[in-house]
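Visitor: I'm new to this one and would like a close look at a single part. Please pick a spot and walk me through it slowly.

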Amino acid sequence: MLWHSNPAARAWRTTAAPAEVFAFHQALDGYQPTPLTAVPALAAELAVGQVLVKDESQRLGLPAFKALGAWWAIHRALQDHPRTAELIAATDGNHGRAVARMATMLGLKAHVFIPAVVSERSVEAIRSEGATVTIVDDSYDAAVVAAADAVTGNSLLIQDSAWPGYEVIPQFIVDGYSTLFREIEVEPDLVVVPMGVGSIAQAAVTHYRSGPVAPAVLGVEPASAACVTASLKAGEPVTVSTGETVMAGLNCGTPSSLAWPVLRSGLDAAVTVEETEALRAVEDLGAAGISSGASGAATLAGLRVARERLPLTSASTIVLISTEAAS
Ligand SMILES: Cc1ncc(COP(=O)(O)O)c(C=O)c1O
């Protein structure tokens, strides 16, 4: 297990996402806040007051939280690039599907680049949205490079990770994720988020370091794709090699350049989990009636392995962000 903690993170402050993001989502057809479900059995197991699961298994008609970021970013980016005919994205599943769905709704073309490790089922789900799919026989990082290389004059890259020179649209995506946190009306002591490139964690830290409620934020990664935790430990962004993991949405080798400074300063702790730990968490959340895929259930796995290192009491309220449905 890799573990990193930053005691100074709690006092760090930043600026909140624009208020109009929440209004945009609330005006969408089919918008509903996702449930925040108490799981008393987990509270008892972990000797805390409450464990609440923010359940993103159904969000805007898709089985993951990703449309919140992609759809706001497409809306904002098209204001700046009104002549766009095609949207391009790389994905390990959920983001690409959300981009493809919105492209079809707007009458635009979508071209989605997918690393070879992604399941045939996820690939078919993206094709079924009407997108052109290119399988990249390599990692997620390589699929992002291929997507960026495919951009031409009338196409727009909608990527949920940033790098130097490509940061405007990824920031829109992170702004879009703010809605998930704005919906949470309780005042937690700890919020646990999964980390791929760190964009959803960036949104969590931004939300909880810009308003009146300042819980600790714990980020969780697969041991086999721990780019953010490795970077935090190294004190600078590092790239790790990736292979296969059941936590497909977290299978990323390089932190987002926008997420990195925010997580370095404002993330309280990061921890890695093993495959078996994530799968057990999928089962346990399923038994509690919550459909949660391994990328989302990783939060429960991370809470379990980090429990003894966290300053929790029998009165603590914990929110787990379960980012996708079980597959
Ligand atoms: C279900 C799920 N959870 C979590 C993540 C991680 O998000 P990020 O890459 O912003 O850290 C992803 C990213 O694809 C995902 O699909």
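Guide: One idea first: an axis here is a line fitted to C-alpha atoms, for helices over the stretch in contact, and angles run from 0 to 180 degrees between N-to-C directions. Keep in mind, too, that you're looking at a predicted model. Two packed helices are described by the angle between their axes and the distance between the axes.

Let's stay with helix α7, residues 168–182. Take its packing with helix α8 (residues 199–208): the axes are 8 Å apart, at an angle of about 60°. Angles under 35 degrees count as roughly parallel and 65 to 115 as roughly perpendicular, so α7 is oblique to α8. The crossing of α7 over α8 is right-handed. On the α7 side, Gln171, Val174, Tyr177, Leu180, Phe181 and Arg182 make the contact. They meet Ser199, Ile200, Gln202, Ala203, Ala204, His207 and Tyr208 of α8. Sorted by class, that gives eight nonpolar residues, four polar and one charged.

Now for another partner of α7, namely helix α3, which covers residues 67–80. The axes of α3 and α7 come within 7 Å and cross at roughly 135°. Only angles over 145 count as roughly antiparallel, and α3 and α7 are therefore oblique to each other. Here again the crossing is right-handed. From α3, the contact uses Leu68, Gly69, Trp72, Ala73, Arg76, Ala77 and Asp80. From α7 come Ile169, Phe172, Ile173, Asp175, Gly176, Tyr177, Thr179 and Leu180. Nine of these residues are nonpolar, three polar and three charged.

For Gly196, a backbone N or O atom lies 2.6 Å from a ligand oxygen. Asn94 uses its side chain instead: an N or O atom there is 2.9 Å from an oxygen atom of the ligand.

Note on methods: Residues are numbered from 1 along each chain as its sequence is written. This is a predicted model: local features need pLDDT of at least 70, side-chain atom pairs count only at pLDDT 80 or more; totals for chains, interfaces and linings use all residues. Side-chain values use heavy atoms; hydrogens and water are left out. Helices (H or I, at least four residues) and strands (E, at least two) are DSSP runs, numbered from the N terminus. A crossing is left-handed if the near helix is turned anticlockwise from the far one by less than a right angle, and right-handed if clockwise. Contact means heavy atoms within 4.5 Å. Ala, Val, Leu, Ile, Met, Phe, Trp, Tyr, Cys and Pro count as nonpolar, Asp, Glu, Lys and Arg as charged, and the others, Gly among them, as polar. A polar contact is a pair of N or O atoms within 3.5 Å; within protein, one must be able to donate a hydrogen and the other to accept it, and residues adjacent in sequence count only if both atoms are side-chain atoms.
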